[in-house]
Amino acid sequence: MARDHARIMVSIWGDDDFKALRAPQQHAFFVLLSQPRLSYCGVVDYLPGRFAALSKGMTAASVETTVEGLEKASYVVVDADTQELLVRSFVRHDGLLQSPNVTKAMAKDYGQIISPRIRAAVLAELQRARRDEPDLAGWKAIKDKFPMLWEAITNPAPDPYENPSRNPYANPSEEGSGNPSENPSPDPW
């Protein structure tokens, strides 16, 4: 079943880190979050030219600059080699773990991620979701139908892809992301 809507929590406007983003970065976040091809893991093909075509006056270069700002602020994870982009907190905030059937779709989509770095980031988000909300209905679906993923969620191994200079999987609100507006993008998005 394809996605037909995007879930945006109104509490995002209470997040100081999100409010510290420049307007083009906030806009880009919503554009990425609402992509019809966004998987149930929050992954979409990262093709800046395609995103540039969605708004008048955009260029692939301005998309790249804006997305770099989102990545520095830990809102997305990009793997340029595999051309994949992850909306980092998607699996925790979209509500999909409340539904066993949608959770199964998410687990299948997890198996389609090519990037080891993005797989590790999704796994870290699932581990965090499990710690925060261990009673969600979707956990049983993963445990019953995807035992290897369940094992990885419940018995985490050290992350071999973690960037030693900063943790791209951290919640900016909890860890502090600095001020993403310090490096303004030259073109608005």
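The model is predicted: local features need pLDDT of at least 70 and side-chain atom pairs pLDDT 80 or more, while totals for chains, interfaces and linings use all residues. Residues are numbered from 1 along each chain as its sequence is written, and side-chain values use heavy atoms, with hydrogens and water left out.

The buried residues of α7 include Ile118, Val122, Glu125 and Arg128; buried means under 20% relative accessible area, exposed over 50% and partly exposed in between (1.4 Å probe, protein chains only).

Helix α6 spans residues 100–110, and its residues Thr103, Met106, Ala107 and Tyr110 are buried. These four lie on the same side of α6 because they cover an arc of only 100 degrees around the axis, taken from the directions from the helix axis to the C-beta atoms. An α-helix has 3.6 residues a turn, so residues three or four places apart point the same way. The face turned away from the buried side of α6 carries the exposed residues Asn101 and Lys108. Among the elements covering the buried residues of α6 are α7 (116–132) and α8 (138–145).

Ala141 lies in α8 and is buried, with a relative accessible area of 6%. Leaving aside neighbours within four places in sequence, Ala141 is in contact (heavy atoms within 4.5 Å) with Pro100, Lys104 and Phe146. The C-alpha atoms of Ala141 and Lys104 are separated by 6.4 Å, although the two are 37 residues apart along the chain.

Definitions and conventions:
Helix = DSSP H or I, 4+ residues; strand = E, 2+ residues; numbered from the N terminus.
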